[in-house]
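Please find below a note on how the chains of this model meet one another.

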Amino acid sequence: MAAKIETETLTGDINIPSIQPGATAHYKSNPAKEDHNKFLGFPGARVENWREAAVEHMGELLGKYKSLRVFMDICVRCGSCADKCHYYIGTRDPNNMPVARQELMRKVYRKYFTPAGKLLPDSLTGASELTEAVMTEWYSYFHQCSQCRRCSVYCPYGIDTAEVSMAAREIMDHVGIGQKYCNEILGKVLKVGNNLGIEPHALKNTLEFVEEDVKEVTGADVRYPMDEKGADVLLVAPSADFFSTPHIEGFTGYGKVFHEAGVSWTVSSYASEFANFGMFIGNYDTMKKVAQRIRDAALDLGVKRIVVGECGHAWRVGYSFWNTLIGPFDFLDPKYPAPQHICEFTLDLIRRDGLKLDKSANDEFTVTFHDSCNVARGSRMGDMPGGQFEVPREIIKAVCNKYVEMDQNTIREFTYCCGGGGGLLTDELMDLRVKGVLPRANALKEVMDRHGVNTMAMICAICKAQFTKVLPNYGIPMETVASLHQLVSNAVVLGGKIGV
Amino acid sequence: MAFDLNGVTYETDEDGYLVNLDQWNKDVAQYLATQEGLDMTDAHWEVVDFLREYYDEYKIAPMIRILTKAIGQKLGKEKGNTKYLYDLYPGGPAKQACKIAGLPKPTGCV
Amino acid sequence: MGGLSALSILFAAMFYAAAAALFFGFLSKIYQFAATPSPLKIPTAPAPTTALGAAGRVAGEVLFFTSLFKGNKWTWLGGYVFHVALALVLLRHLRYFLQPTPKLVELAGPPGVWAGIIMTAALVYLWIRRKAVDRAAYISLLADYFALGLIALIGVTGLVMKFVIRTDVAAVKSFIIGLVTFSPVEMPADPMFMLHLLLVMALMVYFPFSKLLHAGGVFFSPTRAQVDDCRERRHVNPWA
């Protein structure tokens, strides 16, 4: 076992630390293996002319992404973002200030793509060649960004570091410098259908287990079907829902909601993954390929709707990108949004009085809600801007009696990342992950102490895995972490109003 | 990375998981457990045995809930929970126990 | 241009060169920003669901610096005061470019002088902020101090002409009008004015090659300008 990671004591306040240059320069995610890279169409190992190839690819991306093009030019380094990143707050490393992270790329941009950078000495322009040392910085610090977009909320020009870190990772992959965690997983989802590599017969076994378990506990015959042609709904959940706790408790809840709605549904063994790490590595084609499996499965099964489970970044991909990547969804029933979030589905049913709920089933819990970063700042639910905040809260309040909000500066669009998003949920970055959770842990600690909160509900598989793993480092028990649909699952009275 | 045990070389990945799963035997498990600072008791072995049995059939580690339920059925209901598993394997039943059982490291949002 | 002194010819030539650099440099960057495709919808949520709403959001950034206000009140204060003062100063300076002077520009005269003082003070404040806050000091480049210093010097030379070594404004105006009507006349032999004009020309050239591009770029920032209608209307990626 690795040595226990040193943690700050939680005070309930979020303090902005003074800078400590180089504090996390040694963090390094494991590099991808040759076959991981090659499978995705990247060079197996770093190519010989990597500098030229990287600069050339950067030029290509500048021509393809307005975001990158504009963001490289217009930052004034005002520092509004500087103290907003959870990794800066947790690690104190100034390169974890969003603006400084962007500057790692911008200094290279200036050298090769601006007249001043080409003509004048670097000491005047702040430009830098793409040296070995710069590449080392890139690999380290662009894998210390969870692409949570909190910085972009506070930027006067909306500069989004996520776009920059995605581009940086795409450039690195392009020259054969891949990250193992993301690239290995992308291989699995493209070969097997999910990030964990669960094969169909194993998935079937898991679903049968859930079915039996629900039967045992409730006596009701709630179905958890797989590959059923002609079902109304294709449910696409993050595969962690088939593996981890509390993920599975949420998944169990989805099934109960469908059961009560009287809607036939199915999981697909071909597209048994909602997560799409193609976004994390900034590779458009890979992201499209991962998403394409879901379109193909929906067509193959002949469903009328696609409903998706609790997964933060995937909801961003699903809500914001799917229509572009794999749309149009003209083969689905136009009465329903495509895709539809399980929270939208559940709330709609609750509002139509289609669920019989026993709030007291959750009386042992005093609940708060953690807005997952990609849902909060990269998507929407319902018809109104901000529906992504209101829809989950309305559900929680319908199924629980005791609900408390965390500090205003740490929720909704100002929410802090769990510290494990963006392709960083890997063991070798545990130090970073433990430090990155600091602001959220403090905000949680405050409502635990002041209001007796003992449950933090959420709708993201990464958040759930990250929190259960790192919060115990701060003395917060892992049982605090809950799936939102776990609370729904607890409260649903089965057989109450089927098909209303 | 690799380690030698009883004259045989065992290759592992960066996180210490066996690369060649067929090489696993009880001595290897014992060795890996020691590396993790664990004292293997019968209860630990129960978990390892179940993981290997499940893996043989499904080529994947079982869902945690399946594992807890199986352990509960075998060792008594009071032990059929996540807390008990974490007491046995503080590094997590999915990751630490899989390592000792010679299963590949679970990937994804876990 | 017969009869003009060499110095006047030199300044006129430099002025046209600087104006061309600003105009074409800025325009080509704006064209580049506009022409680069947006493969995906990436507005920072919650985002407006209509084009009008998105326009309002960008207008809020441009007119009130709304996001900066959320981010840091002290930086917002310095930055906002500077930009409003700069706008007033520029409005006041239109008196040298327009004949006759429009009523609005005339009205901007007296507050424009105050604005010059406030603008320069704000720049000093922003400079000190960069030095005093450890995070800001870490991220500040020479270019950041250069931009602050250049504009501050322009402010100081302007204020010197107003309050210390009064310049012949009538001569300045006829020189400027001559330049903008492409019939240059003799420039006033006033060293302070020459310095002021030199610095302004330096700024004009610097503008399109620097972070000052934020002035045009903000309108093209996809996270602010895009409409959130991802599910309702299919956004097509032009290169995929």
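The points below concern the chains and the contacts between them.

1. The model is predicted: local features need pLDDT of at least 70, side-chain atom pairs count only at pLDDT 80 or more, and totals for chains, interfaces and linings use all residues. Residues are numbered from 1 along each chain as its sequence is written, chains are lettered from A and ligands numbered from 1 in the order in which they are written, and side-chain values use heavy atoms, with hydrogens and water left out.

2. Chains A and C share the most contacts of the 2 pairs of chains in contact, where contact means heavy atoms within 4.5 Å. Chain B and chain C are joined by no contact, and their closest C-alpha atoms lie 24 Å apart.

3. Between chain B and chain A, 27 residues of chain B are in contact with 39 residues of chain A. The area buried between these two chains is about 2900 Å², and carbon and sulfur atoms give 56% of that area; buried area is the accessible area (1.4 Å probe) that two parts lose on being put together, summed over both. B:Met63, B:Thr107 and B:Cys109 supply 25% of the area that chain B buries against chain A, more than any other three residues.

4. There are 9 salt bridges between chain B and chain A, each a side-chain nitrogen of Lys or Arg within 4 Å of a carboxyl oxygen of Asp or Glu. One of them joins B:Lys69 to A:Asp213, with the closest N and O atoms 2.9 Å apart.
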